[in-house]
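Here is a friendly walk through one protein model, meant to be read with the sequence and the coordinates open beside it.

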Amino acid sequence: MAKRSSLSIRIIEGKNLPAKDITATVWKTLCPFWGEEYQVHLPPTFHAVSFYVMDEDALSRDDVIGKVCLTRDTLASHPKGFSGWTHLTEVDPDEEVQGEIHLRLEVVPGIRASRLRCSVLQARDLASKDRNGASDPFVRVHYNGRTQETSVVKKSCYPRWNETFEFELEEGSPKALFVEAWDWDLVSKNDFLGKVVVNVQRLRAAQQEEGWFRLQPDQSKSRRGEGNLGSLQLEVRLRDETVLPSSCYQPLVQLLCREVKLGTQDPGQLIPIIEETTSAECRQEVATNLLKLFLGQGLAKDFLDLLFQLELGRTSEANTLFRSNSLASKSMESFLKVAGMQYLHGVLGPIIDRVFEEKKYVELDPSKVEVKDVGCSGLHRSQTESEVLEQSAQTLRAHLRALLNAICRSVRACPAVVRATFRQLFRRVHERFPNAQHENVPFIAVTSFLCLRFISPAIMSPRLFHLRERHADARTSRTLLLLAKAVQNVANMDTPVSRAKEAWMEPLQPTVRQGVTQLKDFIMKLVGIEEKEELDLQQTLNLQVPLVKEGPLFIHRTKGKGPLTSSSFKKLHFSLTTEALSFAKTSSSKKSAFIKLTSIQAAEKVEEKSFGSSHVMQVIYTDDVGQPQTIYLQCKCVNELNQWLSALRKVSINNPGLLGSYHPGIFRGDKWSCCHQKDKTDRGCDKTRSRVTLQEWNDPLDHDLEAQLIYRHLLGVEAALREKFRLLSGDTEAGTSTTGPGGAPEDSLAQLLHVLQDLQEAHNSSLVNLTPTERHHLLELQT
């Protein structure tokens with residue numbers, strides 16, 4: 001049993017941002033749109049989330065425009081999620097604090113009066129205030145008009161002092177002891193690092209207290225004005241889930257699986273009842289949870305086939321098939337992202353890269369054409385509109401042909417479960433619309449998901465499908481949009497309706513018509529693979545170790561006492577599977593070294609001052625003889641760093657030898673750069689963050705969590721389910737009958753209501769036994 005929390009973050013857009021330089025922002029706009037979503041798994045120490053809006057500078061440090069800070073209490077007060085525009089506030093150095101301080105506090109009896117003893121032991125993860133990426137921290141302790149200070153520890157965010165101060169405790173003495181951390185500066189004023197306020201009255205009752213205290217900002221000063229830094233639109237939801245042991249969810253899982261296995265033969269059909277009682281607002285989330293649950297049970301194809309049949313049964317017009325946001329449509333969207341993302345990257349990735357690299361001006365709409373100067377020195381002339389249109393058409397035709405050719409070559413690369421699902425979809429639609437006038441309908445059913453809901457959205461927003469690290473600029477975005485429109489025309493089988501919408505797309509028609517033939521041929525091959533051949537292909541794939549993540553990184557392995565600098569890193573290609581982390585000179589080279597997954601003890605960030613870069617991580621592992629080793633890996637940006645850390649942590653989360661602490665610095669010379677300790681085997685000066693991860697499309701399936709999320713949704717619509725039961729059975733008491741498989745609709749629903757009641761009782765009893773250390777937070781950030 002564990003308490004799991006997630007934060008869903010959706011960063012939508014900004015408006016009225018102040019200009020920081022000539023370009024104002026990387027998009028050259030003061031009202032940028034991001035539309036990015038994140039899900040972050042968090043530990044129980046989570047207390048706030050901050051959003052910093054930055055102005056990117058190529059030659060210097062990025063400028064901070066402003067920030068939005070949401071506390072955990074604020075998020076908890078919005079159970080359906082915090083949503084709306086929020087003013088950016090100015091970043092106040094006295095509020096930008098982080099880290100913890102280790103204190104031992106005692107009330108010591110004396111002859112005349114008791115004494116208050118405060119031992120300042122150490123601190124960790126302090127903010128770096130100096131240009132060298134560290135601070136020179138010291139501590140001030142204030143009580144009853146007296147101030148005492150520790151010594152200054154140079155160049156460390158993980159200082160150790162082990163110094164003790166005493167103050168007299170008299171009647172009427174102040175009720176608070178103030179412990180402040182500061183960064184010492186020789187020339188300018190000292191920088192505030194945070195403070196702790198100790199309740200002396202409570203300490204007197206307890207006599208002593210020791211532990212790590214979170215440093216708090218100085219909020220004694222009045223806040224600066226808001227409103228002139230612009231705003232940020234956010235959707236943020238904090239979700240806490242208590243996940244029970246697997247055995248508790250078995251009745252729910254078995255009931256749902258039985259419904260799917262029986263398919264439309266069973267008149268009970270819980271799945272359509274769940275769809276009926278699910279609002280459009282949360283249908284995508286419910287579809288994803290159900291899909292992952294059945295994927296883990298090996299029933300994804302059967303679940304989707306049931307949804308296909310249900311939708312076909314209520315569809316009379318072929319041109320409306322799968323066009324609504326039904327449970328079938330939403331489930332297929334989730335299915336393709338979970339099962340087909342690697343396939344998408346292989347097919348679409350090279351075309352997207354080419355569009356970004358060429359950066360050509362492309363426009364087909366005459367009303368939007370911008371003529372520009374062409375030529376060389378002294379011979380500039382304005383390019384005519386017809387020249388722009390012709391060159392644009394040539395560019396788009398080339399991209400479209402390349403994409404269609406890549407799709408046609410990808411039959412064998414398409415995952416077996418995706419092929420099987422499309423084959424079943426094609427067959428069901430053909431059975432429902434067998435007439436010659438509907439000969440294209442089965443093809444359009446496949447392309448409506450593969451192209452319209454998967455490939456086209458990825459073309460328009462490659463950043464959201466992890467095809468690119470950055471958003472496209474305005475010129476590249478327009479090219480991608482026009483390419484996506486062309487793909488949509490092909491997917492719609494070049495119908496007159498699609499052609500009539502935008503007549504200026506006519507220059508692409510020959511390629512579109514050819515693409516329709518190519519796509520139909522591809523689909524016939526895709527759905528025409530016999531099941532035996534498909535099973536053989538799947539068995540071959542099953543013998544391959546699943547790839548979790550790969551890409552180029554820069555490596556530095558510690559050897560001896562020599563200096564460690566960013567220039568000593570070597571570029572290699574890394575591959576992370578469910579068995580090992582390996583690397584080679586290139587992606588096609590033979591792997592030269594392996595680190596077994598079971599030997600990984602931690603994957604953590606490295607202090608910026610260690611290598612002069614904030615994008616370095618360390619992987620701590622044991623070698624073949626059981627000795628601890630560390631490799632340092634440099635990433636190209638903070639996003640790549642967090643993705644690699646998240647992937648490494650998730651695949652090693654169940655390792656028995658995971659560390660609880662580590663050194664965020666490096667052992668240089670005769671001491672650690674972080675805490676200055678001279679013992680190389682010292683257990684570490686900072687805590688590891690093995691459970692802080694990003695949720696990704698290729699995450700390992702968590703069956704218990706998916707079952708819990710489905711239970712949570714069904715509990716929220718329990719009243720609607722009971723009302724449905726009364727309508728079906730005519731009883732005044734819902735949830736009173738029981739039955740075996742194949743009973744009436746109300747029988748399955750009655751069982752479901754009983755299962756929900758049992759799970760609710762299990763949760764109520766678990767709240768008594770759940771400790772704070774068992775809580776796991778998932779922060780879903782939708783931005």
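Two rings of Phe, Tyr or Trp, the last taken by its six-membered ring, form a pair if their centres lie within 6.5 Å; planes under 30 degrees apart count as stacked, over 60 as edge-to-face, and the rest as tilted. In this predicted model, the structure holds ten aromatic pairs. One of them joins tryptophan 182 to phenylalanine 192 in an edge-to-face arrangement, with 5.3 Å from centre to centre and 75° between the planes.

Elsewhere, ring pairs tie Phe308, Phe322 and Phe449 together as a cluster.

**Charges over rings**

Aromatic faces also meet charged side chains here. Arginine 124 lies over the face of tryptophan 212, at 3.8 Å from the ring centre. In a second case, lysine 520 places its charged end over the ring of phenylalanine 443, 5.1 Å from the centre of that ring.

**The chain as a whole**

Stepping back, the protein chain contains 19 helices and 29 strands. Of its 783 residues, 50% count as buried. Its accessible surface comes to about 37900 Å², and carbon and sulfur atoms account for 49% of that area. Among contacts in the chain with a separation of 6 or more, 69% are between residues 24 or more positions apart.

**Helix 6 and its surroundings**

Phe308, from the ring cluster, is one of the buried residues of helix 6. This helix spans residues 300-313, 14 residues in total, and reaches 20 Å from its first C-alpha to its last, close to the 20 Å expected at 1.5 Å a residue. How many of the 14 residues of helix 6 are buried? Ten are, which leaves the helix mostly covered. Along with Phe308, the buried set includes Ala300, Phe303 and the leucines Leu304, Leu306, Leu307, Leu310 and Leu312. Asp305 and Glu311 are buried in helix 6 as well.

What covers these buried residues? The cover includes helix 3 (246-262), helix 4 (270-276) and helix 5 (283-296), together with helix 7 (327-358), helix 9 (416-432) and helix 10 (441-460).

**Strand 6 and its two partners**

Strand 6 (residues 100-108) is mostly covered, with eight of its nine residues buried. This strand pairs in the antiparallel sense with strand 7 (residues 115-124), over nine bridges, and also with strand 13 (residues 208-214), over seven bridges. Arginine 104 shows both pairings: its bridge partner in strand 7 is serine 119, while its bridge partner in strand 13 is glutamate 210. In a regular strand, side chains alternate between the two faces of the sheet.

Strand 6 and strand 7 form a hairpin, with six residues between them. Proline 109 is in the loop that connects these strands. Is proline 109 buried or exposed? Its relative accessibility is 68%, so proline 109 counts as exposed.

Most residues other than glycine have a negative phi.

| Residue | Phi | Source of interest |
|---|---|---|
| Glutamine 207 | about 75° | positive phi, not a glycine |
| Histidine 676 | about 70° | positive phi, not a glycine |

Glutamine 207 sits in the loop between helix 2 (200-206) and strand 13, and at 38% relative accessibility it counts as partly exposed. Histidine 676 is in the loop between strand 26 (671-672) and strand 27 (686-687). At 24% relative accessibility, histidine 676 also counts as partly exposed.

Notes:
Residues are numbered from 1 along each chain as its sequence is written. This is a predicted model: local features need pLDDT of at least 70, side-chain atom pairs count only at pLDDT 80 or more; totals for chains, interfaces and linings use all residues. Side-chain values use heavy atoms; hydrogens and water are left out. Helices (H or I, at least four residues) and strands (E, at least two) are DSSP runs, numbered from the N terminus. The expected span of a helix is 1.5 Å times one less than its number of residues. Buried means under 20% relative accessible area, exposed over 50%, partly exposed in between (1.4 Å probe, protein chains only). Contact means heavy atoms within 4.5 Å. Two strands pair if DSSP finds at least two bridges between them. Accessible areas come from the Shrake-Rupley method with a 1.4 Å probe; for residues, only the protein chains shown count as cover. A charge sits over a ring if NZ of Lys or CZ of Arg is within 6 Å of the ring centre and within 35 degrees of the ring normal.
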